[in-house]
Amino acid sequence: MPTHNRADVVGIAIQSALNQTEGDFELLIVGDGCSDGTAEVVSSFGDSRIKWFGLPKGPGFGYANRNIALREATGDLVAFLAHDDFWFPDHLERMAKHFQNPSIEFAYSRTLWARPDGMILPIVFNLQLEEHRTPFLNMEINYIAALNVVHRQTVFKEVGYWDDALPANADMDMWGRIIRHYGPASIAFESIPTALHFRANWRPVIGSGPQGIIWLNKWVQDGSRLPVG
């Protein structure tokens with residue numbers, strides 16, 4: 001869980017992890033130059049599964065700091081959780097089942113995008129379909145929030161860690177490297193939503209996110225017709 005100065009909400013995200021029906025995990029929280037009391041919120045939980053990395057602010061989105069924590073991960077699987085999102089209680093349990101198939105290296109669940117007014121926008125994006133996978137691998141579209149992703153820890157040895165030289169979209173780059181290396185048959189798609197993704201507080205309500213979300217937001221906002229095709 002990477003975080004930067006969201007002491008107001010990070011406790012909700014942490015609690016969603018601690019509420020998991022699958023309790024055998026470690027929660028690595030990466031403080032990317034936090035100066036707002038985030039460390040105190042983290043320590044208030046007093047749970048031995050939580051490991052806090054209070055690091056100086058890294059460049060950009062702090063990808064280099066994320067890699068510091070990821071190199072300390074000891075679990076067989078790696079899951080991601082943003083400081084302003086939360087997992088449903090069965091997220092880890094449901095996602096782990098896909099890895100009972102030894103050919104699966106990368107799994108993700110259907111993303112639910114939550115608007116500030118409480119409306120939830122569901123998206124279907126299946127990387128097992130070539131018409132979805134090809135533009136994703138070309139970094140043209142992405143409807144997968146990081147909190148929906150789980151992959152094997154061993155992929156780091158094969159494809160490396162997050163590219164901390166990228167100014168943005170290092171998650172999409174990472175997922176693409178995994179899929180290219182292991183092939184489409186290594187992907188598992190969980191169609192049942194297992195988490196809730198919120199817009200970052202620094203992004204505008206309208207005009208941010210994937211194009212499909214922008215269209216849905218505009219339709220909700222003013223009733224305009226959605227584009228066809």
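Two strands pair if DSSP finds at least two bridges between them. The legends below use that rule on a predicted model.

**View 1. Strands β6 and β9 pair side by side in the antiparallel sense.** Strand β6 covers residues 106-109, and strand β9 covers residues 149-152. The two share 3 bridges.

**View 2. An open sheet holds 4 strands.** Their order is β4-β9-β6-β10. The pairing is mixed. β4 (77-79) and β10 (187-190) stand at the edges. Each has a single partner strand, so one side of each lacks a neighbour in the sheet. Neighbouring strands are turned by 15 degrees against each other on average, direction ignored.

**View 3. F106 and W175 form a tilted aromatic pair.** A pair of aromatic rings is described by the distance of the centres and the angle of the planes. Here the rings lie 5.8 Å apart, centre to centre. Their planes make an angle of 50 degrees. The pair links distant parts of the chain. F106 belongs to strand β6, while W175 belongs to helix α7 (residues 170-182). The two residues are 69 residues apart. Both F106 and W175 are buried.

**View 4. Ring pairs build an aromatic cluster.** Its members are F61, Y63, F80, F106, Y108, W162, W175 and F189. The count of aromatic pairs in the model comes to 13.

**View 5. R71 lies over the face of Y161.** The distance from R71 to the ring centre is 4.3 Å.

Terms used
Residues numbered from 1 in each chain as written. Predicted model: local features only at pLDDT ≥ 70, side-chain atom pairs only at ≥ 80, totals over all residues. Heavy atoms only, no water. Axes fitted to C-alpha atoms, helices over the stretch in contact; angles between N-to-C directions. Phe/Tyr/Trp six-rings, centres within 6.5 Å; stacked < 30°, edge-to-face > 60°. Buried < 20%, exposed > 50% of the residue type's maximum accessible area, 1.4 Å probe, protein only. Lys NZ or Arg CZ within 6 Å of the ring centre and 35° of its normal.
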